[in-house]
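Thanks, everyone. I will keep this short and go through one structure. Please have the sequence and the view open as I talk.

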Amino acid sequence: MDEEASRTARESLELVFRMSNILDTGLDRHTLSVLIALCDLGVNPEALATVVKELRRESIPDSVTTTPS
């Protein structure tokens, strides 16, 4: 990758990261870069969003998702 393309990629990732923060997604730069790369490879963005939501749901401890008795 040449220097100009590398700079453009960094700037694009920074812009996506800022948008992500505004939307309060909780995604870090590395995760966003992986998701962008997957989209570039043709993975359906809606399917990726579903996977991210499902993984987050699964990672929440049971004590947070259950109501106290």
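Let me start at serine 20. With neighbours within four places in sequence left aside, serine 20 is in contact with Thr25, Leu27 and Leu32. Before going on, note that this is a predicted model. Serine 20 sits in helix H1. Is serine 20 buried or exposed? Its relative accessibility is 5%, so serine 20 counts as buried; the cut-off for that class is under 20%.

Now take one of those partners, Leu27. Not counting residues up to four places away in sequence, leucine 27 touches Phe17, Ser20, Leu32, Leu35, Val52 and Arg56. Three of these names come back on the next point. Which residues make up the largest nonpolar core? There are five: Phe17, Leu27, Leu32, Leu35 and Leu48. As background, nonpolar side chains in soluble globular proteins tend to be buried together.

Next, the pocket. The largest pocket holds about 230 Å³ of space. Its lining consists of Thr25, Leu27, Leu35, Ile36, Cys39, Pro45, Leu48, Ala49, Val52, Lys53 and Arg56. Leu27, Leu35 and Leu48 are named in that lining, and they also belong to the largest nonpolar core. Which helices supply at least two residues each to the lining? Helix H2, residues 29-40, and helix H3, residues 45-59, both do. The largest share is from H3, with six residues. Sorted by class, the lining has eight nonpolar residues, one polar and two charged.

Now the charged side chains.

Arginine 7 and glutamate 4 form a salt bridge through their side chains, at 2.5 Å from N to O. Both residues are in helix H1, which covers residues 3-22, and because they are three residues apart there, about one helical turn separates them. Arginine 7 also pairs with glutamate 11, where the closest N and O atoms are 2.6 Å apart. That pair is again within helix H1, four residues apart, or about one turn of the helix.

On accessibility, arginine 7 is at 33% and counts as partly exposed. Glutamate 4 is partly exposed too, at 45% relative accessibility. Glutamate 11 has a relative accessible area of 45% and is likewise partly exposed.

Further along is the salt bridge between glutamate 14 and arginine 18, with 3.3 Å between the closest N and O atoms. Glutamate 14 and arginine 18 are also both in helix H1, four residues apart, about one turn. Are the two ends buried, partly exposed or exposed? Glutamate 14, at 26% relative accessibility, counts as partly exposed. Arginine 18 has a relative accessible area of 53%, so it is classed as exposed. As for networks, salt bridges that share partners join Glu4, Arg7 and Glu11 into one.

To close, back to the view. Find serine 20 in helix H1, then follow its contact to Leu27. From Leu27 you can go to the largest nonpolar core or to the lining of the largest pocket. That is what I have.

Technical notes:
Residues numbered from 1 in each chain as written. Predicted model: local features only at pLDDT ≥ 70, side-chain atom pairs only at ≥ 80, totals over all residues. Heavy atoms only, no water. Salt bridge = Lys/Arg side-chain N within 4 Å of Asp/Glu carboxyl O. Buried < 20%, exposed > 50% of the residue type's maximum accessible area, 1.4 Å probe, protein only. Contact = heavy atoms within 4.5 Å. Core = buried A, V, L, I, M, F, W, Y, C linked by side-chain atoms within 4.5 Å. 1 Å grid on protein atoms, 1.4 Å probe; cavity = no way out; pocket = protein on both sides within 12 Å on 5 of 7 lines; lining within 4 Å. Points joined across faces, edges and corners; volume = space filled by probe spheres on them. Nonpolar A, V, L, I, M, F, W, Y, C, P; charged D, E, K, R; others polar.
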